Each structure stands twice: as structure tokens, then as C-alpha cells.
Amino acid sequence: MATSSDILYSVRNLTVEYETRHGVVKGVDDVSLDIRRGEILGLVGESGSGKSTLGKAMMRLRNGSARITSGELWFDGQNLMELSERQMRDLRGSRLGMVFQDPMTSLNPVQRIVEHLTETMLTHEPEWTEEEARARAEELVERLGIRRERVKDYPHQMSGGMRQRVMIALALALNCDLVIADEPTTSLDVIVEAKFLDLLKELRDEFNLTILLITHNIGVVAEVADRVAVMYAAKLVEIGDVNQVFEKPLHPYTEGLLKSVPNIELDSGALYKMEGSPPDLSSPPPGCRFHPRCPYMMEEVCPIYDPPFAPPEGASEDTRVACWLHHPHPQKVAIGA
Ligand code: SF4
């Protein structure tokens, strides 16, 4: 079980709200989560589940009209909610890095890659000379599988996979402790994706990087993550060791996600398709939010009571699930059975 010194980042009861035409909507609803030093934590869920909103909120970056309305963010013992925007900018420029789906939105199109890297390094390490920063930039891109002469390229001259690696190089240039990678492989073909995922594992081992990998593709998580957290309708519904979750998912939604992944080893015919679609967050269903789609739904419990996100009976704190199949039945509790 993880101790408090193993934890690099803690999210505590975080709620993020959006203003919409239909009123205020909770994009992240009372989420608590720990990320351990040196791990790759996969955060999965369908589009609109709140995972990207959570990732940005952890950097205290605004996502449209989203704003944090309650909760705490603790990074290496520091309460991020108490920092000024300037202090947060410094932290984002040093210890917290983010890799987005489309790196073009983060890279300046009129700046060469070498300028991106050396500027970042010289801001962070002002005692370095230009030559030292340039040599380090070349060394970094080469370590990430890009020929060193390509540092003279502009972002548009590189492929999507190379730009993703440049974003990682920027995080390494800063010696970031935590990298939040939001759908980093969505725009990559499967071969480049596999190489990128291998690279993430190597970097985690070599630089002791901690990585939060946000993806809609649970298959990607299987490739690289140590643990997996599953989000549904703005809430976390399951978290656990990746092998345990993949072998024996506890939440019916996780089970559905896993069954939806193509498996060439199983001659299972048509691909499983989960019934229904995620709820409209402006009026989520009462009780368990997954109940309208759940094959195990219990009429007398699930549409009425919201399940706690807690370890199942008899399990350690490392595993948590929000499903009445794994917690004492509220009616039984009420009558003391
Ligand atoms: Fe299904 Fe009920 Fe569990 Fe929700 S609480 S996932 S509806 S069994």
C-alpha cells in the first residue's frame, strides 16, 4: 500500500463547474485521487467523462468557462489552491508539464524546435550559456529518437509523432516531476503510437518521471500504465492496479470498456457495444449515474442511492470502486441485516 511519502500529487474532493446555456454543470464532481511518484497512472473514460477537465484543473489551467468550485490540489506537499497565478505559472514552467493531443497548439509555429528548447532551459537555468543549452537540446531530441539536426526544423516540418516527442523533450528540459499527457496518441498511427508508449515507459524508468496518461482508449492504458483510474459522468468509478483491473474489473462500466476493445486472440465475432450513451451532465440520473446502462442494475438500490467510491469489502485502500455490487447494500444497512 502507498504511504504519504510515495504520493506526488493528491486531488481531494475536487469539483469543477461550467457555465452552460442550461445552467451550471459539474464537469468534475467530488473527485479524489492520488498519483504515486514514478508511476504511470492511466485515466480513462468516454469523451465528455471529465478526464481532460480534471487534467487541466490539476494544472490549474482553465478549460473554457470551467472553474474549480471546491476541493484541494496537493503537489509534493504544496497546496496549489493557495498559490497565486504567477506562482502557478512558475510551477507549470518547472515541475509540472503537459502534453496535449495536438502539440501544434502548444508550439509556436514561427519558432524552431531548438529555440523552444533553449529558451525554456535558459529561463529555468539562467547560468547556462546558449551553447550549453543548445547541446542539451540536441542531446534530448536525440534521446527521444529524433536526429539532432532536426532541432533546426519548425514544428510544421515535423510529423505528429515527432511533435509529441518534442513536447516530452520540453518537459524533460525542465526536469518536470509530473507530466500530464492528454490524449497524446490520438492523432498518431498505431506504429508511431506503440513507439511513443514505449518511450513513455523508458522515460519513466530513466528519469523517474511520474505520468498521468489521459485517454479514451483503455487499450493504450494496458500497454503502459501501472494503475488505472476510470471516470464516468464526471466521477471516478474505479481505480486499481492495471493487472487487477484488466483481469477482474469491479465496475460494470470498466467491464464494458474492456469488452469493447478488439482482441485478436479471441475469436469473438462482432465487437461488444455498450448499451446507451453517457448522461447529459446538466441533469445526471439519480443514484448511480451508470444505472440506465448497467446490466446488473438493482431496481431497489441503484437508481436511488449514489454508491460511495471506496475499497470493496475486505480489499485494501489501493482498490476503490463506486458500485453497490461491492459495498454493503443500503437497505440492508438500514435494517441492520
Ligand atoms: Fe450497476 Fe448498480 Fe453498480 Fe451502478 S451501482 S454500476 S447500476 S450495479
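Why is helix α1 (residues 51-58) largely enclosed by the rest of the structure? Seven of the eight residues of α1 are buried, so the helix is largely enclosed. Buried here means under 20% relative accessible area, exposed means over 50%, and partly exposed lies in between (1.4 Å probe, protein chains only).

## About the model

This is a predicted model, so to speak of local features we need pLDDT of at least 70, and side-chain atom pairs count only at pLDDT 80 or more, while totals for chains, interfaces and linings use all residues. Residues are numbered from 1 along each chain as its sequence is written, and side-chain values use heavy atoms, with hydrogens and water left out.

## Helix α1

The buried residues of α1 are K51, T53, L54, G55, K56, A57 and M58. Helices (H or I, at least four residues) and strands (E, at least two) are DSSP runs, numbered from the N terminus. After α1 comes R60, with a positive phi near 55 degrees.

## The ligand and C302

Let's turn to the ligand. Around it are H251, P252, C288, F290, H291, C294, Y296, M297, C302, C323, W324 and L325, each with a heavy atom within 4 Å. By class, this shell holds 10 nonpolar residues, two polar and no charged ones; Ala, Val, Leu, Ile, Met, Phe, Trp, Tyr, Cys and Pro count as nonpolar, Asp, Glu, Lys and Arg as charged, and the others, Gly among them, as polar.

C302 belongs to the loop between α9 (252-259) and β11 (320-321), and is buried at a relative accessible area of 8%. Beyond its neighbours within four places in sequence, C302 is in contact (heavy atoms within 4.5 Å) with P286, G287, C288, H291, M297 and W324.

## Nonpolar cores

A nonpolar core is a set of buried Ala, Val, Leu, Ile, Met, Phe, Trp, Tyr and Cys residues joined through side-chain atoms within 4.5 Å. The largest one has 60 residues, and L117, I168, L213 and Y253 have the most contacts inside it. Helix α5 (residues 160-173) gives the largest share of this core, nine residues. Another core, of 32 residues, lies apart from it and includes L8, Y9, V16 and I239.

D30, in strand β2 (residues 23-36), is not a glycine, yet has a positive phi of about 55 degrees. D30 is partly exposed, with a relative accessible area of 43%.

A234, also not a glycine, has a positive phi of about 75 degrees. A234 sits in the loop between β9 (227-232) and β10 (235-241) and is buried at 0% relative accessibility.
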